[in-house]
Amino acid sequence: NANWRDRWGQTPLLRAAWAGEFVPNQGHADCASLLLKLGADANVKDPDRVSALHWSAESDNLPVLKLLADAGARLDATDKRGLTPLMLASWRGHLRSARELLRLGCDPSVEDKDGDTAASLAEMYEHGDVVRLLADWSKNSHGASAKFKAPVQMDGDDDVHFLEQMKMDVFLPQQSDQARSLNPIGGHSSNVYPVTEPQGHCVVVNIENYDPESNFSRREGSNLDVRRVKTLFKSLGFKNALKPFAGQEIFWELSNYARGDHSQFGTFVCFLMAHGTKGAIYGSDGQYQSLKELLSLFQPSKCRGLERKPKIFFTQACRGADGEHLAEPAPEVQHDGNVPVRNSLYSPNESDFLICYANTEDSPAYRDPNNGSIFIQTLCDVIEEQYETEFLEDMILEVNNRVTNRPIQGGDGSFYQAVVEKTGCLSKKVSFNPHMASLSNLALMGDIRRLQLLANRGNVNRRDRWGQTPLLRAAWGGESGPNPGHKDCASLLLKLGADANVKDPDGVSALHWSAESDNLPVLKLLADAGARLDATDKRGLTPLMLASWRGHLRSARELLRLGCDPGVEDKDGDTAASLAEMYEHGDVVRLLADWNSQQTGRDRYSEDHVDTDDDLVEEEDHSESNRSRASSAKRNFVRQKSAAPVGTLKRPEMYRSSTSFMNRSLPVSFRHYPVKDPQGHCLIISIEHYDPGSHFTNRTGSELDVERVESLFASLHFKVTVKRDLTAPQIFHEMSRIAKFDHSDYGTFICFLMAHGTKGAIYGRDGQFHQIKDLISLFKPNICKGLDGKP
């Protein structure tokens, strides 16, 4: 919908006219031209009654200004303050836009609510060239003198006057023929935590003022963090809570929240901002509270309402060493016998947590008294910019990227660098996008339970920002593929009045989507509901053509049985048969040839051939190679559902250096670590056999892990080194040796440590332990220069 408004009341045309913080370019004019052709309202206004012509005049976006005028935009439209486009151009000193508006017929004598005119505003802000233009124009009775009709050549670039920074909606790139992701964060319900409305509780624990006897200083600037967090999370649909606490009060207050009713909420978020030390934060009385104890309050065994739901903790506190040393570790307990069967009703206490720290262990957290904490402010920046398109884990990567590349100057003039650390055991992806609770996204995930709760309260034919309806989403099934929930969702939506012939902006119907994704149950439902079998999209493709191109034998057969015409041609002259042949789907080619050669083909397939479960399995196996070939095809008139083919492990570029193995697009601002060939070193240290005097059992089966890892990372173009059965000193020596290598030609270092272990340490073959922290420190930039700035 070209006139759809975002959360700030802006439409795409208003955005193109403004051009944001960038200098207007030809791309903005091309976008505006396309939007106007698609029906965008040339006279649209934002909530402040600022029109697209206002925006183009204020940002000196001359090409868009001309397009809007040609499209019939009202030249002397006024905003809430009575300002016209000519007044804004004059106030900003944009000579070109002011001249063009005068030439088009704008009235320079109009006054705003303060009695100012375009001339008085130009004079007020000392734009002499515009003042002279307006004065000269007023002297001419006709105003459209020929001397102003020709464009004026400018010597050099004009000064660019930027608008004050404004919150910008996150826009997705124009959907292309090659990439057709309906929702950047859409997905199957099995890999995304459900988003609810409201989303959940956001508890902010901030200790700004400390008791005099606590010997802690006041945390100046932390109130700015609180204000920012509250505003942001309230806008995201969270319920806020805030209190200053003494040490013991922190425990009891969070305990009360843990005992609350969370059954209607999907997420719990907690900010802990205070002075701190290793593993603890200090209350206003100077007493410390263990973070481990606070987190334990929300474990499934104690907080049933948050079981299998994400529990997110953001900590802004120092984590300096408290002088304690690691005691002699106890040996790992070896469990013999059968592995217990997992109870599906039970969740491990550590599951579904994410803890994100402003700093690494044994280091301080930084806070600017005038601007707030570096971590909290950056976190809010990134969430505001990316919550609609990115998952939380990816946003935290971006936070770390920005914080790491933003050195902090201390009071002594020295510069410091912070590193954000996250840990946890999430089992799914976390989204803060409240729109994920919409009918469209619930249908996309096949979440019939929540769709049933919300469907009666919403419009089942309502389009989302990409022009998709819930039924279109259910028919596609997302990148994870169709599941039984999609059929249930489609059935419910059709019963509630969803249009079976609905199409998206590309003319693609629900039946197209079900055929392209081989969503056979939904395809049958749509046909029964009266969906047009030979409907075509903008390129003339029918559902049968899409099923044939994808090699979906089941869907192609069903569409033929229902009465689809295999002789229809698209705009390039292709038929279903030629597309199947082009992409080497032999089984579909034979089906269509047989169908065409038989006068009674429809009767034979509809009456005699009945799919059995065995048939379907055989068909899937038979066409597997054909499907894989089709997925990598790049014919320009066919849309692919994913951003890029998945590829094989033998291609080193598929190992994504964002340390995410997913082939998802990341925001433009995200910096990828460079990928090289060979990629780097992969060190595997495996202790399978222990000395008799160590009191440890052998780690039977460990060699299977070694073989698997060695084979995998060799195929990813890593130089793999395997060391087996080392003593504790030998482990340290080997890692020191690798750290001293020349890593300048490599992009990544990977290390697998497989042994008996205890908290913070692993045991060598001799039963002696070595702290993991000491091993990791060998690869810090000040010791291992070759891996500086590399993962």
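The side chain of T231 reaches the backbone oxygen of R227 at 2.9 Å, a polar contact (a pair of N or O atoms within 3.5 Å, where one must be able to donate a hydrogen and the other to accept it, and residues adjacent in sequence count only if both atoms are side-chain atoms). T231 belongs to helix α9, residues 222-235. Its C-alpha atom is separated by 9.8 Å from that of C380, which is 149 residues away along the chain.

A word on the model: it is predicted, with local features needing pLDDT of at least 70 and side-chain atom pairs counting only at pLDDT 80 or more, while totals for chains, interfaces and linings use all residues. Residues are numbered from 1 along each chain as its sequence is written, and side-chain values use heavy atoms, leaving out hydrogens and water.

Next, meet strand β1, residues 200-206. Because 7 of its 7 residues are buried, the strand is largely enclosed by the rest of the structure. Buried means under 20% relative accessible area, exposed over 50%, and partly exposed in between (1.4 Å probe, protein chains only). β1 pairs with strand β3 (residues 267-273) in the parallel sense, over 7 bridges; pairing requires at least two DSSP bridges. Here H201 stands opposite F268 in β3.

| Residue | Relative accessibility | Class |
|---|---|---|
| C318 | 27% | partly exposed |
| C564 | 0% | buried |

The disulfide count comes to 0, with a disulfide taken as a pair of cysteine sulfur atoms within 2.5 Å.

Terms used: Helix = DSSP H or I, 4+ residues; strand = E, 2+ residues; numbered from the N terminus.
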